[in-house]
Amino acid sequence: MTNSNELTLRLADHFGPYIAGDPALLSESTSICTHYNVTPEDLFYKWEAFALNNAIPKTEPFTVDHARELRKLVASAAINGSTSSTSYATDAAGTPLKPSAALNRKVGPSDLSAMLGIKSTPVKPSAAGNSAFQTPSRPSIPANSPFGAGTPGGFPSANESAYRPKHRTVINTSATATATATNDDISMADTIDSPSRPSAAPFSSSSSSSSTLKPNTLPAWSVIESLNPHLGLTGSGSQLCPPVPPASSKKPHSRVSLAMATNPKAWEYRYMFEKKGERAQVLDDRIDEFAALFRQAYALDEAEEFGDPSVASQESAWVVGRICSSLPAPESSAAQALRAKGRDLNTTTPRLAETGLLLESSRVMGSGNRTPLAFNRGCKVRYTPQDPGTNGAATTLSLFPGQIVLCHGSNGGGDRFCVDEICFPPPLPQAIHTADEALDHSYSSNTLDGRDVNIVAASGPFTEPENLEFGPWHRLMDVLEAGGVPAPADADRGSGNATQRRGVPDTLILQGPFVSSQHPELAFSALLPETLFAEHFSRRLNGLVAKYPGMNVVLVPSTLDIVHVHTAFPQPGFSKDVAYADPSPAALGGAGGGGGLGLSKQRIRCLPNPSTFYINEIVVGASTGDSLFDLKLEEFVTRIEAAATPVPVPSCNATDSVAIAHKNKETYTRWSRHILSQRSFYPLFPAPQPEHLALDVSHSTLLDFPAVSPDLILLPSKLPKPFIRVVNSSTIVNPGSLASTRSFLSLHIHPFPKHQLVDHQSPTQLNANLYDRARVDLIAI
């Protein structure tokens, strides 16, 4: 038997270096190899078979719980005499370890079934009397084998994993087929009772109020999901703007006004110059700011100071802090040896779990200490000051790292803070405007003249992974240049206008990545990234604004855009210092070679990421930081047991008497509520995928909503299904991607009734009410 360090190295080669950083997992794996004479290679194959049979997601790492379940199967197989006698050993001279004989040995039905942990019916001989397992050198594989017939014995080759089959048709058994169907269409109960370590694999939610068909299975230009489909399509758009004579010196007239809500120069900072003190101060200030917000929103007594959750006390107190997970376990000697050899170990922060849930206080209120949290039975959950709360009833609670919460409870034993009530910050109010402003925007002859506002939003990637031809992008631009997106045949035409198109948008919002640095074909392209951007995006956009001079174009970059010099998040907009003033396509002949993007200075706005801007009275927020997908990765959902004697709910109307926690079960709605409650486009800390999103903590205040909650929030995500949700009067939309989900967003915002604006009995100040007067459609391209 080899020494433990060599065994650790072998395990790290197969399972990954992270196994050496987990002492419990390393001890369990080493014990299986030594006690049952199993090689690390065989153990890895058994784990993959076990994961496939139990429908464990591909991205789920090998944990100590998995190792213990695998030990039971290995022990059972050893008792039945079906395990290999190949031992993990070297001679006294230190001969290098030999490859396992698992790839060359004969495997029968009992061997495969024992390894998979299932009992299968023996294979019936064929009519010719030849058994499928008679040839020792290359046995046949049963039809229901999850491995296929790629190698002798049905085992995967050294470069191909049975857990992640490549170019191979897998015939599912009943168990695996059921698991696949469950993963493709997760029910409400499955989502709420998900494990504490959610899978990174994408999933589809079945709780949408509209069509559940996938976008790429729908006909072109059909509606995937719609909000207010009863509102008619009138064909209104920027094509109705009066044309400007070519010789005229007047600027093109637009039907809508576009304005920034913040100063874009604040995003032009120098990244990679962060100091630890600056990061700590920003994180600390956020807790203190929310503490003042909690005191005012929940009407807490000014004389009562916030407590320190780490101090042992029998008295209850209110505490404010940030949700975080426990620190990783200390490295073992083997892990330190691997690090000394230059191995890349997985040192990321563990995800939230029931036993590793901590509350971090600020330096003022709790000296920055982290205290374990425990939720008592009947813990009351309140999302807003108006929320009556659960009042001791059983419910579920959703938490994620970086979330700021208010807790009431005590730390009687000094080891953990027991929570009796947890409260979340209320969202910011909606923006208000005067009736005169709405009247001028909607009914002036120089603007909309009573017609609806037309907005189209699309996000990248804009081309498929197989090529750099940007086919979906050019298809969208073709229909916009032709007069707008085709309208559905059964659409309500409003005032009898039998238009066949939705109209050219007044504002076209495009979110990156435009030319992604992670595109697999980019390294083999004969064109520079700037040339690709100029030929595919600048040329088409310049031609579009030249044909429809009243249209506005908004570009929001992504940290994955290779043509952007700033890769940290938050991120400034594209630079137009070296842009071409001539909007004609002929001016782009050498756009790529000069280093400029070739964007016209007319009607094309390059805004930061994230950004908040106004389209007339509508506040729009746009961000390409995938907060929805990261919330899916990091969210921890736990169940709070009901109290022995639940407190009765105070008598009030039926709408207000239902706690938000009981209406917060649908995943997309819950994630949207988190973003609005934390008042930030990206409320998580730390970022779970730093290789995809380089979060600059020192400037994370630029991620906050400026003073109000946007009426429309555009959050493109890698989630496989786009959606529309209305939460707290804000409309949150994941428009999907033109290349992956093959979908985009179309909005038609109808004006307020004119009599409502001119009636002096009506309020002089009003909200935008976008959720009530806008038709929002997700369209398949």
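Select helix α12 (residues 471-481) and helix α13 (residues 529-547). Helices here are DSSP runs of H or I with at least four residues, strands are runs of E with at least two, and both are numbered from the N terminus. The two axes lie 11 Å apart, at an angle of about 10°. Axes are lines fitted to C-alpha atoms, for helices over the stretch in contact, and angles run from 0 to 180 degrees between N-to-C directions. α12 and α13 are therefore roughly parallel, a label for angles under 35 degrees.

This is a predicted model: local features need pLDDT of at least 70, side-chain atom pairs count only at pLDDT 80 or more, and totals for chains, interfaces and linings use all residues. Residues are numbered from 1 along each chain as its sequence is written, and side-chain values use heavy atoms, leaving out hydrogens and water.

Contact means heavy atoms within 4.5 Å. From α12, pick Trp 473 and Met 477, among others. From α13, pick residues including Phe 537 and Leu 541.

Now go to the loop between β11 (507-511) and α13, and find Pro 513. A cis peptide bond joins Gly 512 to Pro 513, with omega about 10°. Move on to Pro 686, in the loop between α15 (667-678) and β18 (694-695). Phe 685 and Pro 686 are also joined by a cis peptide bond, with omega about -5°. Most peptide bonds are trans.

Stay in that loop and select Arg 679. Its phi is positive, about 60°, although Arg 679 is not a glycine. Arg 679 counts as buried, at 17% relative accessibility (buried means under 20% relative accessible area, with a 1.4 Å probe and protein chains only).

Methods:
Angles under 35 degrees count as roughly parallel, over 145 as roughly antiparallel, 65 to 115 as roughly perpendicular and the rest as oblique. Buried means under 20% relative accessible area, exposed over 50%, partly exposed in between (1.4 Å probe, protein chains only).
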